[in-house]
Amino acid sequence: MFYETEKNDHGLPHNPFKAIVAPRPIGWISTLDKDGNPNLAPYSFFNAVCDTPPIVMFSSSGYKDSVSNIDATGEFVCNMASFGLKDEMNQSSAAVAHGVSEFDLAGLEMAASQLVKAPRVAKAVTALECKHLQTQRLKTLTGSETDNYVVFGQVVGIHIDDSILVDGMVDVTLYKPLSRLGYMDYASVTEVFQMGRPKA
């Protein structure tokens with residue numbers, strides 16, 4: 001089959017785009033607003049974009065609290081969601097009023113960060129402390145502004161729980177990072193394989 005995205009005439013029960021671009025890691029973004037109130041929200045349009053320096057990004061559909069808080073304070077933490085915290089991650093995705101703490105909503109304890117003021121999820125086995133680089137509002141092919149915002153942050157500090165280190169390397173099969181698939185489907189990493197790069 002083929003369909004034009006502008007016409008959205010795929011004829012399927014649900015839009016397949018997010019099921020095709022999958023799996024997507026979930027960035028569990030914690031922030032503080034300008035008054036010091038905490039916010040926590042998961043974003044599946046998230047990823048690392050380079051490693052020297054380490055930079056991550058997430059995209060928000062709508063100018064949500066996470067984006068406005070980061071624009072106001074210049075800081076955030078990306079807590080990596082794991083299988084063991086899947087229910088808490090899902091609970092924190094609820095649309096609640098500004099000022100309502102998703103930490104409290106999901107029954108999560110906050111932990112202090114080292115280099116930023118935004119708290120991190122205490123039970124998250126990995127967390128990336130980030131300083132804001134830029135927020136970009138996306139445009140269409142015709143130059144029209146969309147209601148989508150991409151936030152870039154430079155990672156300035158990394159937390160790793162010793163329980164997921166094996167021979168000095170992070171073992172993802174121990175912490176089972178969550179990923180978003182299409183529709184309401186999720187997956188976690190439980191096995192890995194290696195392939196060496198070919199030699200020229």
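Tyr 183 counts as partly exposed, because its relative accessibility is 42%, and the term covers everything between buried, which is under 20% relative accessible area, and exposed, which is over 50%, with a 1.4 Å probe and protein chains only. Before I go on, please keep in mind that this is a predicted model, in which local features need pLDDT of at least 70 and side-chain atom pairs count only at pLDDT 80 or more, while totals for chains, interfaces and linings use all residues. Residues are numbered from 1 along each chain as its sequence is written, and side-chain values use heavy atoms, with hydrogens and water left out.

Tyr 183 sits in the loop between S13 and S14; helices (H or I, at least four residues) and strands (E, at least two) are DSSP runs, numbered from the N terminus. The phi of Tyr 183 is positive, near 55 degrees, in a residue that is not glycine. For background, most residues other than glycine have a negative phi, and most peptide bonds are trans. Asn 8, in the segment before H1, also has a positive phi, of about 55 degrees, without being a glycine, and Asn 8 is partly exposed at 42% relative accessible area.

Turning to the peptide bonds, Ala 22 and Pro 23 are joined by a cis bond with omega about 0 degrees, and Pro 23 belongs to the loop between helix H1 (17-20) and S1. Another cis bond, again with omega about 0 degrees, links Thr 52 to Pro 53, where Pro 53 lies in the loop between strand S4 (46-51) and S5.

Strand S13 (residues 178-180) is joined to S14 by three bridges, and Arg 180 faces Tyr 186 in S14.

How many bridges pair strand S2 with S3? Strand S2 (residues 27-32) and S3 pair in the antiparallel sense over six bridges, with Gly 27 opposite Tyr 43 in S3. Five residues lie between the strands of this hairpin, in which Gly 36 takes a positive phi near 90 degrees. Because six of the six residues of S3 are buried, S3 is largely enclosed by the rest of the structure. In a regular strand the side chains alternate between the two faces of the sheet. Both faces of S3 are covered, since Pro 38, Leu 40 and Pro 42 on one side and Asn 39, Ala 41 and Tyr 43 on the other are all buried.

S3 also gives the most to the lining of the largest pocket, namely five residues. A pocket here is found on a 1 Å grid over the protein atoms alone, as an open set of points where a 1.4 Å probe fits, with protein on both sides within 12 Å along at least five of seven lines, and lining residues have an atom within 4 Å of a point. Its volume is about 800 Å³, where grid points are joined across faces, edges and corners and the volume is the space filled by probe spheres set on the points. Of the 31 lining residues, Pro 42, Tyr 43, Ser 60, Ser 61 and Lys 64 are the closest to its centre.

Which residues does Asn 79 touch, beyond its neighbours within four places in sequence? Asn 79, in strand S6 (residues 75-80), is buried at 0% relative accessibility, and its contacts (heavy atoms within 4.5 Å) include Trp 28, Leu 40 and Arg 120. The side chain of Asn 79 also makes a polar contact with that of Ser 30 at 3.1 Å; such a contact is a pair of N or O atoms within 3.5 Å, and within protein one must be able to donate a hydrogen and the other to accept it, while residues adjacent in sequence count only if both atoms are side-chain atoms.

Finally, the cysteines: with a disulfide taken as a pair of cysteine sulfur atoms within 2.5 Å, the count is zero. Cys 50 is in no disulfide, its nearest cysteine sulfur, that of Cys 130, being 12 Å away. Cys 78 is likewise in no disulfide, with the sulfur of Cys 130 nearest at 6.3 Å. Cys 50 is partly exposed at 33% relative accessibility, whereas Cys 78 is buried at 0%.

Key:
Pairing = 2+ DSSP bridges.
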